[in-house]
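Okay, thanks for having me, everyone. Let me put the complex up on the screen, and then I'll walk you through the surfaces that matter for today.

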2 protein chains.
Amino acid sequence: MRDEVDDLSEAWARERPDLDLAPVAVFSRLSRLSRRLDLARRNAFTAHGIESWEFDVLAALRRAGEPYELSPGRLLRETLVTSGTMTNRVDRLTARGLVERLPDPADRRGVLVRLTPEGKAAVDGAFEALLAAEREFLSGLDERQQDQLASLLRTLLVPFSER
Amino acid sequence: MRDEVDDLSEAWARERPDLDLAPVAVFSRLSRLSRRLDLARRNAFTAHGIESWEFDVLAALRRAGEPYELSPGRLLRETLVTSGTMTNRVDRLTARGLVERLPDPADRRGVLVRLTPEGKAAVDGAFEALLAAEREFLSGLDERQQDQLASLLRTLLVPFSER
DNA sequence: TCCAAGTATCTTGATGTCGAGATATCTCCA
DNA sequence: TGGAGATATCTCGACATCAAGATACTTGGA
């Protein structure tokens, strides 16, 4: 079975036979899949009336467990965005009533963002829809292959997870 | 070796023990890696004075081979962006002198975007820098594992490459 | 030949993100 | 204890993207 990246790699090999193109086979696929995944996520979420960026924040809070509170700083590290972006996201989620901002009792510079009951309901529904869409996405691989893939990706991710 | 997604998966398992979380192990890693890869790409390119979006367009033209021409429509399918985005990108690349717009002799609605010699030099330099950065990224995997990974990703991508 | 439907590209307005800088508070050591 | 440097969050302007719609041209069938 060929995919679009096979074509792309061949084209590069034809044009730049002097280069070692091994990384292309992995990373072009990685970024293209990620793009497709984003679209699928967006789709899965619209039925639940939330946006991908909203899910990212709500999910981080939901995973944290009771009382569903994290600081903006923690949230931006979890979701890999900048502080300006997170301020903006929390503003908009607050306006929608899905989270609320509380002063951090332990640090007067700080703030805690807490999931509201509405936010919790929204994220729980959306997460189930996301899992269903992702399962569909994965259907070409059997269980053993899925594990193998997860394990290979983990190896690539480990260097970024240290400290 | 644990990565950040191991933590994330455990947190979900604790909070939602009712759900089958298998897809998370693959797709959370996929999107996080893609995010890291984007940052690494941006870094590799800045030394060459171009942006990631510029590279995407220039690379598609470069791969096409002499005379390095593609239509905007073809470019947007290659780079997975919308037509409005591509118009804007070609405008800016034209202003920088890296591409030029020509009327399509075969279709008066159409346009051809052609790489200039400056554009070709820019994309060739940037591509080598990108490959170097990506090789670094891949260094945790031996050759056999790289092939395995590419092959598993291909399987996921095939359904999108048909037609 | 004519026209309706299809196709290619561009325009426009809304939006989300980033990066740099501002402010307030905390930490820790001389 | 005083203060320098670190940290947490927010502000603001620039910018790239998207979605929807406009325009111009092409195609195929009546």
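Helices are DSSP runs of H or I, at least four residues, numbered from the N terminus.

Quick housekeeping: this is a predicted model, where local features need pLDDT of at least 70 and side-chain atom pairs count only at pLDDT 80 or more, while totals for chains, interfaces and linings use all residues. Residues are numbered from 1 along each chain as its sequence is written, and chains are lettered from A and ligands numbered from 1 in the order in which they are written.

Two or more residues each come from helix H4 (72–79) and H5 of chain A, plus H5 of chain B.

Now DNA strand C, with 22 residues surrounding it; A:Gly84, A:Arg108, B:Ser71, B:Gly73 and B:Gly84 are the closest. Here H5 (83–95) of chain A joins H4 (72–79) and H5 (83–95) of chain B in giving two or more residues, and H5(A) has the largest share, 5 residues.

Last, the protein–protein contact, with C-beta atoms, placed from the backbone, within 7 Å. Chain A puts in 51 residues and chain B 51. On the chain B side, H7(B) gives the most, 15 residues.

Notes
A residue is near a molecule or strand if its C-beta atom, placed from the backbone, lies within 6 Å of it. Two residues are in contact if their C-beta atoms, placed from the backbone, lie within 7 Å.
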